[in-house]
Amino acid sequence: MKQVKYLYLTICLIISLQSLHELRASELATAQTIGFYTAGCIKHSSALPRDGAGYQVIRLSRDRFYGHPELIKFIQSLAREAHGLYGAALLIGDLSQKNGGPMPDGHSSHQIGLDADILFWQNPIATIRTLTLAEREMIEPLSLLNPSLTGIDPTRWSPVHAKILRLAASFSDVERIFVNPVIKKRLCEMFPGQQWLNKIRPWWGHDGHFHVRLQCPNDNPLCRPQEPVSEGDGCDGELAWWLSAKVRRQELENKDKPSTRIVRKLPYECLSIVY
């Protein structure tokens, strides 16, 4: 009788796992990113669970934890590997809204479910327990730069930051990872000539978090890809331009101005999804 009971439970478990697999396959088949990273939407997005192996989602009240299933899979895989290899605990910031589209504040991209912000900060509490919802709401990115924004703050920088970025860049569907130019410079000094640096793109801000962007999924024909990055490790003249005194001065001046955001026209297919 016990053998029959165990056999029944085993069959039920197999059926449940098969159903879960079919559901995930269905999600992958129906999710569609439409438009461009800065002007688009997503149909049938998936929500990133607020806790997982090696990660915790912060500021849940913003309701920006949705993405294409491929993005969800990437975050979970990255967090699991980073935790297993380095003991890291990733704090996940903004992905996209449930249907994508422009956010009310803070981003011009993150519109099609293929962008994710991940904090550099390794919160010591998050490495040993699950943060409360209230604790997560209070977390803000912690800059890795010195007060003058001209170099790395040695009291905040850790080799694990570079290891996590290198691991993230190793995923084939990662197209770009945006970091502050000063952080890119540090990586160029640490890993001269290494090809993965090609995916690490300098962009102002991004000193307390890195921004991962996935490429358009192959079966999403309405997703418009970004122009490919130039060849090389990106540690040459382009980085020098970002770090030039003129560009630095412009960035500091822009920080003191009210933020303005260009609202781009959405694809026609997004109008019934976003609004």
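**Rings and charges**

Modeller: To begin, the charged end of Arg 213 sits over the ring of Tyr 37, 4.3 Å from the ring centre. "Over" requires NZ of Lys or CZ of Arg within 6 Å of the ring centre and within 35 degrees of the ring normal. This is a predicted model, where local features need pLDDT of at least 70, side-chain atom pairs count only at pLDDT 80 or more, and totals for chains, interfaces and linings use all residues. Residues are numbered from 1 along each chain as its sequence is written, and side-chain values use heavy atoms, with hydrogens and water left out.

Colleague: Which residue lies over the face of Phe 36?
Modeller: Arg 224, at 4.3 Å from the ring centre.

Colleague: And how many aromatic pairs are there?
Modeller: Nine, counting Phe, Tyr and Trp (six-membered ring) with centres within 6.5 Å; planes under 30 degrees apart are stacked, over 60 edge-to-face, the rest tilted. Among them, Phe 120 and Phe 210 are tilted, at 5.4 Å centre to centre and 45° between the planes.

Colleague: Are Phe 120 and Phe 210 buried or exposed?
Modeller: Both are buried, meaning under 20% relative accessible area with a 1.4 Å probe, protein chains only.

Colleague: What about Trp 204 and Trp 242?
Modeller: Those two are edge-to-face, 6.1 Å centre to centre with 65° between the planes. Trp 204 is buried at 16% relative accessible area, and Trp 242 is buried at 10%.

Colleague: Which residues do ring pairs link into a cluster?
Modeller: Phe 178, Trp 203, Trp 204, Trp 241 and Trp 242.

Note on methods: Buried < 20%, exposed > 50% of the residue type's maximum accessible area, 1.4 Å probe, protein only.
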